Amino acid sequence: MTPATLNRKWHTTAEVAEMLGFSLSKTKMLVLTGEIRSVKIGRNRRILPAWVDEYVDRCAAEAERWSA
């Protein structure tokens, strides 16, 4: 029997910071300002992978607009 790999449905702010190569404080600021969407579950913030992708896509689109 082969071991199954589970894909996480939610990411923590620290995990998103690691994925983006940002500091934890910068990532928390992006979450607090709404630039990266999140949901509060209890005392913790969670971020869907699609929301990280939205942020990256938006940043890339802005970069393309400025370089044109």
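Helices here are DSSP runs of H or I, at least four residues long, numbered from the N terminus. With that settled, Gly-34 comes after helix 2 and has a positive phi, near 85°. Keep in mind that this is a predicted model.

Thr-27, Leu-30 and Val-31 are buried. They span an arc of only 100° around the axis, so they sit on the same side of helix 2. As for what lies over the buried residues of helix 2, the cover includes helix 1 (13-20), strand 2 (44-46) and helix 3.

## Helix 1

In helix 1, the buried residues include Thr-13, Val-16 and Ala-17. Looking down the axis of helix 1, its buried residues stay within an arc of 105°, so they line one face of the helix.

Helix 2, strand 2 and helix 3 are among the elements covering the buried residues of helix 1. Helix 1 is followed by Gly-21, again with a positive phi, near 75°.

## The nonpolar core

The largest nonpolar core has eight residues: Val-16, Leu-30, Val-31, Ile-36, Ile-47, Trp-51, Val-52 and Tyr-55. Helix 2 (24-32) and helix 3 (49-67) are the elements that each give two or more of them, and helix 3 has the largest share, with three residues.

Val-16 is a handy place to start looking around. Beyond its neighbours within four places in sequence, Val-16 is in contact with His-11, Thr-27, Ile-36, Ile-47 and Val-52.

Note on methods: Residues numbered from 1 in each chain as written. Predicted model: local features only at pLDDT ≥ 70, side-chain atom pairs only at ≥ 80, totals over all residues. Heavy atoms only, no water. Core = buried A, V, L, I, M, F, W, Y, C linked by side-chain atoms within 4.5 Å. Buried < 20%, exposed > 50% of the residue type's maximum accessible area, 1.4 Å probe, protein only. Contact = heavy atoms within 4.5 Å. Arc of directions from axis to C-beta.
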